[in-house]
Amino acid sequence: MDHDLSMYDVRTDLALEAQELATKGQQTSNVPGVWSENESADGITVTRMEIKNDQAAQQIGKMVGHYVTLEVPDLRQGDTTLQDKVATSFAKEFEAFLKRIGATAKSSVLIVGLGNVNVTPDALGPVVVENIMVTRHFFELMPDQVSPGYRPVSAVAPGVLGTTGIESSDIVQGIVERSKPDLIIAVDALAAKSLERVNTTIQIADTGIHPGSGIGNKRKGLTKDILGVPVIGVGVPTVVYASTIVNNTLDLVFEHMKRHTANMDPLFGVFGTMDEKERLQLVREVLNPLGHDLLVTPKEIDKFMEDIANVIASGLNAALHEAVDTDNVAAYTH
């Protein structure tokens, strides 16, 4: 009897990684029903992807929609010049999402910073909110004094279920009903399968946000279906599972040994013939009872979180307000 190994899928919030997993071991990197392109410049690789139908969405494990991933391997170095370039690139990609969903220069926006400000790897959303150019109150109280080139922007960090006792989605739904924004931007920390993408990657998606999905939680999401208005999700992977690290390390060991011997059986036996899901199942079965299947984050997470939150906030400020120069966001980053 075959066992259902879906619970042992590698956990990732990144559509780019989900596509890589779906095509692993195949001759092509393309999934039918998925369009993608990428370009690289100034140390930034931008991958644009569209999942066009339900069949492709099921195969990849991500919702139908548009995804953009910015990969910047040197982002961990703290180079402010590179951060400015990333903020500018992010702003331009985000503007394309605004145009696609039909947002105008006057569309009102609610920015939701998901996560727990007291847990550094989960603090991305609240820290971004702290750096957002909030303007809605000016439009409400003194609309005749608002300069051209700005739109109504509000921002909130609703906290987490364990602190508030209320689902973030329910809190946001109440705010949406009263403030009636035209668009929601949800910012959240993500989980990745690749250590190289932790703290170096930004994802934009017009499918909204599903809190905790990358770490195996089934929670009420922030989506257009639930909230009634378009939701653009912005996220950065800040954690990876210990079991995923172990599994990736085993892959590297197998690949290394294959280069030195054609016969792997004496070294690894049945273990070497397992597919990825079966091996990951075994790794988790070993680590979970010991409490060792931890969520791991790099040691420089404190400084990185401050830097990347500024990059995203300044990029959003530039994309949302025409008065902020998209080609020169340095003044809004530091």
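How far apart are the end C-alpha atoms of helix α12 (residues 301-320)? Select that helix to find out. The ends lie 28 Å apart, in agreement with the 28 Å that 20 residues should span at 1.5 Å a residue; the expected span is 1.5 Å times one less than the number of residues.

This is a predicted model, where local features need pLDDT of at least 70, side-chain atom pairs count only at pLDDT 80 or more, and totals for chains, interfaces and linings use all residues. Numbering starts from 1 along each chain as its sequence is written, and side-chain values use heavy atoms, without hydrogens and water.

**The whole chain.** Color by secondary structure. There are 13 helices and 9 strands (DSSP runs numbered from the N terminus: helices are H or I, at least four residues; strands are E, at least two). Of the 334 residues, 49% are buried (under 20% relative accessible area, 1.4 Å probe, protein chains only).

**Back to α12.** Show its surroundings. Here 17 of 20 residues are buried, so α12 is largely enclosed by the rest of the structure.

**The largest core.** Next, select F94, L124, I185, I202, I308, I312 and L316. They have the most contacts inside the largest nonpolar core, which has 44 residues (buried Ala, Val, Leu, Ile, Met, Phe, Trp, Tyr and Cys joined through side-chain atoms within 4.5 Å). Helix α12 gives this core its largest share, 12 residues.

**One residue.** Center on I312. Beyond its neighbours within four places in sequence, I312 is in contact (heavy atoms within 4.5 Å) with F90, L124, V128, I202, V234 and V236.

**The second core.** Finally, pick A15, A22, A56 and A205. They are among the 13 residues of a second, separate core.

How values were computed: Buried means under 20% relative accessible area, exposed over 50%, partly exposed in between (1.4 Å probe, protein chains only).
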